[in-house]
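Please open the structure in your viewer and keep the selection panel at hand.

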Amino acid sequence: MERGLHDVDLGSRLPAWVTLVRLLHWLLLLAAVGGLVWWGVAAVQGTREDLSEVAGLPLPAVLGVGGLVLGLLLAVVGRLLVRGLARKRADQADERLRGVVHQVLDGEIVQPFGTELSSYAAFRRGVEAARA
């Protein structure tokens, strides 16, 4: 039984999109930290007025806040996607493992037990025939 369970493929490789989401999450974290540090340094140096602007907001603030907001959004979406992937893989692993267990039980318990019951039934018929 151990050998059968050992040979079951549980699908250990992650899909490519998981790596892409991780990379994007790190990039958003770097953008958030970099933007907020840049904004903080500019504030300490008193050069906030010299910063480039996007839609009327300083570029470092847009980078920092945008990185945080998009990172949180990606975390929520990624969590939902990973939860679905985990549920799917758990169901597949459960099905494969149960299949192996059923095979082993059938081969090592059900069939030999059926053979013994058939032998016993033949013995009983023999005994009944000898009595008559």
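The stops below go from the whole chain to single residues.

This is a predicted model, in which local features need pLDDT of at least 70 and side-chain atom pairs count only at pLDDT 80 or more, while totals for chains, interfaces and linings use all residues. Residues are numbered from 1 along each chain as its sequence is written, and side-chain values use heavy atoms, with hydrogens and water left out.

**Select the whole chain**

The protein chain holds three helices and two strands (DSSP runs numbered from the N terminus: helices are H or I with at least four residues, strands are E with at least two). Along the sequence, their order is α-α-β-β-α. The radius of gyration is 33 Å, well over the 14 Å that the globule rule gives for 132 residues, so the chain is more spread out than a compact globule. This radius is taken over C-alpha atoms, and the rule is 2.2 Å times the number of residues to the power 0.38. Along the principal axes, the C-alpha atoms fill a box of roughly 115 × 25 × 20 Å. Buried residues make up 14% of the 132 residues; buried means under 20% relative accessible area, exposed over 50%, and partly exposed in between (1.4 Å probe, protein chains only).

**Colour by pLDDT**

The predictor's confidence in each residue, pLDDT, runs from 0 to 100. Its average over the chain is 89, and 97% of the residues score at least 70. Where pLDDT is low, the predicted coordinates should not be read in detail.

**Select Leu28**

Leu28 is found in helix α2 (residues 16-45). Is Leu28 buried or exposed? With a relative accessibility of 14%, Leu28 counts as buried. Leaving aside residues up to four places away in sequence, Leu28 touches Gly67, Leu70, Gly71 and Leu74 (contact means heavy atoms within 4.5 Å). Next, display Leu63: its C-alpha atom is 8.8 Å from that of Leu28, although the two residues are 35 apart along the chain.

Leu73 belongs to helix α3 and is exposed, at a relative accessible area of 52%. Helix α3 (residues 59-131) gives the most to the nonpolar patch, five residues.
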